[in-house]
Amino acid sequence: GIGYATARKFASHGADLLFINRNENKTKELVEEFSSEFNTNSSYIIANFSKLSDVHKAAEQLASIQRNIDVLIHNAGVYLTQRNLTVDNNEEVFQTNYLSTFILNYYLREKLKGQKSGRILFVNSEAYRFAAFGIDMNDLIWSNHKYSGIKSYGAAKMAQLLSMIKFNEYFQGSNITINAMHPGNVRTNSGQSNGWLYKIFKKKIIDRGAIPLSVSAEALYYLGVSPDLDNVSGKFFNLTTEEELAPPALDREAAEKLWTISMNLGGFNGQ
């Protein structure tokens, strides 16, 4: 999907890569492929973002590496048409798409701020607009509301954008930037666990107008390295075009409330 295409783009320009993936065998093959084809250095951390213990372990490993992180791309995501709770009792889309990114950024905040420069990129989505009235902070596991795939996905992407407000404030005065982007409608293998009806809909409707993965990869590479964005932070891009966010994604009061909740869910009480 987008992650693979983007990794190839960065590797083709000589970047060293560190993958955080779920499947170790596939990741080993990936590292060998990149080493052979691009002669670049690749390493990996294995973690399943539907398990917070894995996320914390990966974050600790990432925070301890003795190298600068020039570009951190949050690309992990899941889309589900049926509500599912993780072993941590969080709604799976919220945990995988949002809470894991919060935990990683929180662990890395001091390391990144100590660097001369660095960029954080969220692979977000225009689907955040489906959370048209913001997020119900009192029902993040959808126990009191009718669950739908697009609403839960939109809420998770909205949460990511709200966290960007707070992280951007933290990085003010440094050369660390944090931005979000919509990668366009690209053909990926997401949603494969959603049953035959969704698969048919995706194939016949969603994927019919899909753009090549290379378009998204090119956009992420530009956002990751272009000097045009040296001092640009806290923004949302549709590919490489900056867009004004809808008001609920700019709600600082909601961002503060979500931060407190995320600190609790992420196990950072008292910090």
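The legends below describe close-up views of aromatic rings and of charges over rings in a predicted model. Residues are numbered from 1 along each chain as its sequence is written, and side-chain values use heavy atoms, with hydrogens and water left out. Because the model is predicted, local features need pLDDT of at least 70 and side-chain atom pairs count only at pLDDT 80 or more, whereas totals for chains, interfaces and linings use all residues.

View 1. The structure holds 18 aromatic pairs, where rings of Phe, Tyr and Trp (its six-membered ring) pair if their centres lie within 6.5 Å, and planes under 30 degrees apart count as stacked, over 60 as edge-to-face and the rest as tilted. Phe34 and Phe38 form an edge-to-face pair, 5.5 Å centre to centre with 65° between the planes.

**View 2. An aromatic pair between helices α4 and α5.** Phe102 and Phe167 form a tilted pair, 5.7 Å centre to centre with 50° between the planes. Phe102 lies in helix α4 (residues 92-113) and Phe167 in helix α5 (residues 149-170), so the pair ties together parts that are 65 residues apart in sequence. Both Phe102 and Phe167 are buried.

**View 3. Charges over rings.** The charged end of Lys113 sits over the ring of Tyr170, 4.2 Å from its centre, the criterion being NZ of Lys or CZ of Arg within 6 Å of the ring centre and within 35 degrees of the ring normal. Lys166 lies over the face of Trp259, at 5.4 Å from the ring centre.

Methods:
Helices (H or I, at least four residues) and strands (E, at least two) are DSSP runs, numbered from the N terminus. Buried means under 20% relative accessible area, exposed over 50%, partly exposed in between (1.4 Å probe, protein chains only).
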